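Subject: Structure for your review

Dear colleague,

Please find below the structure that I am handing over to you. My notes on it follow directly after.

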Amino acid sequence: MAFSSRRSREKAPLRQPKADSEIASNVFRRSRTLTGSVSSRVRAANEDGSHLRSPRLHEHDLRSRRRKISGILVASLGVAAGLVWLLDQLIVTPSIHYQPATAHADTARYTTIVEKYFNDRPLERFQFVLNPNTFSAYMVEEAPELSSAVITGSEGLASHDVLLGVRQPIALWQINDRHYYVDGSGVSFERNLLSAPRISVKDETGLPATSQQIVASTKMMRFIGRVVDVVSARIAPVDEVVIPPATLKEVDIIVKNRPYRIRLNIDRDPVEQANDVIATLQHLDARAISPQYIDARVSGRAFYKE
């Protein structure tokens, strides 16, 4: 029995000291540079830098860092470009311009209206959020002498222009110190930015000024503007517009080189009546007839007295 025990002890593997196995596991680690000391009693000079990698992994680490830095740089450039774009879109204090050009405009007034619009709608200060139709309608409502308003970007950074379309008056009705203008589209307004119109409405009603202001309603001015525009464009300029006495529904016009009056009714469509007037004048001109007056107040018919 003693012999068997001795053979068993001889075949048993020798155990390594615990400290030696830990040192071996630390020394022979994959992809590591062998640094330090295998002795627990000797400290290597470069022991604090024992994390140094092999040249291959070092190159891999450098490539990874370059990719990260490049990504950060691209992201930074993208953010910077976005901020510059937002700054360029921001409408701060736009410059006012007019079409056609005018020297009679109160620029401070229109700047105040523009600022009021953006104060009520702060998000629309960014041009990509701005609703151009709403902006134009607001400007025209606040200033009827304007026909349109458009915000455009200029060549400078964060610089914008407001291009205001100015109405061209086609006729004027003056009552005391008040002026009522109308353009060819039939829009009436009281502030004219351009030269005075050639046609001045002659009031023969004999009514006091307060009553005349009632007569000079939006409907009346729209009728005058549309008729004068269509007739002047298609046959000959209108020289005079007269409001005759004893009626508030009639408007008389006198066309150039035709000394007689043409009677119209403001309750009818102005373009339809203008077409009736044009057809009648063409008929009379072809026959060299110069009547005392033409009555075009009835739809589809025109009467004249020689």
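In which loop does Ala-302 lie? Ala-302 is found in the loop that runs between strand S11 (293–295) and strand S12 (303–305). Please bear in mind that the model is predicted.

The surroundings of Ala-302 can be described as follows. Leaving aside residues up to four places away in sequence, Ala-302 touches Thr-280 and Asp-295. Its C-alpha is 9.7 Å from that of Ile-262, although Ala-302 and Ile-262 are 40 residues apart in sequence. Ala-302 counts as partly exposed because its relative accessibility is 28%, which falls between the 20% limit for buried and the 50% limit for exposed.

I then turned to the salt bridges.

Are the two partners buried or exposed? Arg-109 has a relative accessibility of 21% and therefore counts as partly exposed, whereas Glu-145, with a relative accessible area of 3%, is buried. Arg-109 and Glu-145 also take part, with Arg-191, in a network of salt bridges.

A further salt bridge joins Glu-240 to Lys-202, with 3.4 Å between the closest N and O atoms. Glu-240 is in strand S8 (residues 238–243) and Lys-202 is in strand S7 (residues 199–203), so this pair ties together parts that lie 38 residues apart in sequence. Glu-240 is partly exposed, at a relative accessible area of 30%. Lys-202 is likewise partly exposed, its relative accessible area being 40%.

Finally, Arg-261 forms a salt bridge with Asp-252, and here the closest N and O atoms are 3.5 Å apart. Why does Asp-252 count as buried? Asp-252 is buried because its relative accessible area is 3%, and the limit for buried is under 20%.

Yours sincerely,
A colleague

Terms used. Residues numbered from 1 in each chain as written. Predicted model: local features only at pLDDT ≥ 70, side-chain atom pairs only at ≥ 80, totals over all residues. Heavy atoms only, no water. Helix = DSSP H or I, 4+ residues; strand = E, 2+ residues; numbered from the N terminus. Buried < 20%, exposed > 50% of the residue type's maximum accessible area, 1.4 Å probe, protein only. Contact = heavy atoms within 4.5 Å. Salt bridge = Lys/Arg side-chain N within 4 Å of Asp/Glu carboxyl O.
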